[in-house]
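Take a look at the protein shown here.

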Amino acid sequence: MMNMQVAKATPVTLSTKPHYAILDGLRGVAALLVVAFHLCEAHATSHLDQLINHGYLAVDFFFMLSGYVISYAYDDRWNRLTLKEFFTIRLVRLQPLVVLGMIIGAACFYFQDSVLWPHISEVPIWKTLLVMAIGATLLPLPLSMDLRGWQEMHPLNGPGWSLFYEYIANLLYALWVRKFSNRALTALVVLAGAVLLHYAVTNPAGDMIGGWSLNVEQLRVGFTRVTYPFFAGLLLARVSKPGRIKHAFWWGSLLLTVVLAFPRVGGTEQLWLNGLYDGASILLVFPVVVWLGASGQVSGRGAQLCRFVGAISYPIYITHYPLIYTYTAWVSNGHRPLAQVWPVALLTFGAIVLLAYVSLKLYDEPVRRWLKSRLLAR
């Protein structure tokens, strides 16, 4: 009887494979660039004069990185892994911070009343709490429940939209795509890549920004953005063999930074050129960055850096935007240029990193340990 009880308490563990620390580090670099992108966005008049202009492509990089890691971690383990266990593992990994991000969003919401969002003070508390509760499930909100006029499916914490698509991609992988042969997966990736490139060069905005609203146009953008990179990441993990690249983290970080910070291409006269840049970055450059991350070794301070920025990357991404809303409201109230308020921007950047670290250590890690002991024990 005692032996049976011990067996039931043994946690589900899939951590026997070598860990790609550099991929964690690259995810952290991308998350930090997203924060800088959003801070600069508060001062931009349009996409054309936005500093760190292509920071929005970090989402597409996250999708590809996720696909690669999911394939590497799970493809050969389905003979001892059930669908329920897979979905539980993913929920335990992602959902606690989703909930926290929505709570932080609700706590900051009424501080964002501004000339940009003049009706926030009129939103009843019950509606804010209802939006927070629904957002904590990641179920997308209809346009009728929008709070600030940006038509977000998660108006208290905008980046929740990408986690919604991440869950859909995980669902498709577990139910069907994991069973695809390499040939079938290649066909899916080629088709998805063609759809992505067509959208990139033909859409009126000239970029891949979008996916956060629950309407037909934005759903198309969201599914277009997740399908190619996620499943291309799966394919890359299956068919590519990591090399031996010296300084792979630094080369990958440099390439990723150049892509995300590159100025707008084409201007107002040739918007399709910027779309082509976005498409080429996702289709061609991001697979190289992921392959570089899987092809190197890191030790010493480099390993410590990768572990740190990798550990806070997801907390940064899912908790930073309520502070961005607040900073954006403050900027809009005074029409403050970045050159005059960069110390405040830098302070906000630091506060976001600190919030992510505190969220990780005091909330996410303890909650995930508790959930694993309750939900992932045999």
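Start at F286. Setting aside residues up to four places away in sequence, F286 touches L57, D60, F61, M64, L256, V259, L260 and S281. Keep in mind that this is a predicted model.

**The core**

F286 belongs to the largest nonpolar core, which holds 110 residues. Which members touch the most other members of this core? They are L57, F61, Y74, Y173, Y228 and F286. Helix α4, residues 83-109, gives the core its largest share, 12 residues.

**The whole chain**

Now step back. The protein has 13 helices and 0 strands. Read from the N terminus, the elements run α-α-α-α-α-α-α-α-α-α-α-α-α. The radius of gyration is 21 Å, close to the 21 Å that the globule rule gives for 378 residues, so the protein is as compact as a globular protein of that length. Along the principal axes, the C-alpha trace spans about 65 × 45 × 45 Å.

How much of the protein is buried? Of its 378 residues, 51% count as buried. Take the contacts between residues at least 6 apart in sequence: 81% of them join residues at least 24 apart.

Helix α6 covers residues 160-175, which makes 16 residues. From its first C-alpha to its last, α6 reaches 23 Å. That is close to the 22 Å expected at 1.5 Å a residue. Is α6 enclosed or open? In α6, 13 of the 16 residues are buried, so the helix is largely enclosed by the rest of the structure.

**Buried and exposed residues**

The table lists some residues with their relative accessible area. Buried means under 20%, and exposed means over 50%. Partly exposed lies in between.

| Residue | Relative accessible area | Class |
|---|---|---|
| T224 | 8% | buried |
| R264 | 13% | buried |
| C40 | 14% | buried |
| C108 | 14% | buried |
| P343 | 42% | partly exposed |
| H247 | 55% | exposed |

A disulfide is a covalent bond between the sulfur atoms of two cysteines. How many disulfides does the model have? The count comes to 0 disulfides.

**R264, a buried arginine**

R264 lies in the loop between α9 and α10. At 13% relative accessibility, R264 counts as buried because the cut-off is under 20%. What does its side chain reach? The side chain of R264 comes to 2.9 Å from the backbone oxygen of A205. The R264 side chain also makes a polar contact with the side chain of D207, at 3.1 Å. Beyond neighbours within four places in sequence, R264 is in contact with H47, L48, N53, H54, A205, G206, D207, L271 and N274.

**H43, a loop histidine**

H43 is in the loop between α2 and α3. The side chain of H43 reaches the backbone nitrogen of L338 at 3.3 Å. With neighbours within four places in sequence left aside, H43 is in contact with Y327, V331, R336, P337, L338 and V341.

Most residues other than glycine have a negative phi. Two residues in this model go the other way. I52 is not a glycine, yet its phi is positive, about 45 degrees. I52 sits in the loop between α2 and α3. H247 is not a glycine either, and has a positive phi of about 55 degrees. The loop that holds H247 lies between α8 and α9. H247 is exposed, with a relative accessible area of 55%.

**Sequence distance and space**

T224 is found in helix α8. Its relative accessible area is 8%, so T224 is buried. How far apart are the C-alpha atoms of T224 and D60? They are 164 residues apart along the chain, but their C-alpha atoms are separated by 10.0 Å. Leaving out neighbours within four places in sequence, T224 is in contact with V195, L196, Y199, M208 and P229.

Now take P343, in helix α13, residues 338-375. P343 and R225 are 118 residues apart along the chain. Their C-alpha atoms are separated by 34 Å.

Note on methods: Residues numbered from 1 in each chain as written. Predicted model: local features only at pLDDT ≥ 70, side-chain atom pairs only at ≥ 80, totals over all residues. Heavy atoms only, no water. Helix = DSSP H or I, 4+ residues; strand = E, 2+ residues; numbered from the N terminus. Expected span 1.5 Å × (residues − 1). Buried < 20%, exposed > 50% of the residue type's maximum accessible area, 1.4 Å probe, protein only. Disulfide = S-S within 2.5 Å. Core = buried A, V, L, I, M, F, W, Y, C linked by side-chain atoms within 4.5 Å. Contact = heavy atoms within 4.5 Å. Polar contact = N/O pair within 3.5 Å; in protein donor to acceptor, adjacent residues only side chain to side chain. Rg over C-alpha atoms; globule rule 2.2 N^0.38 Å.
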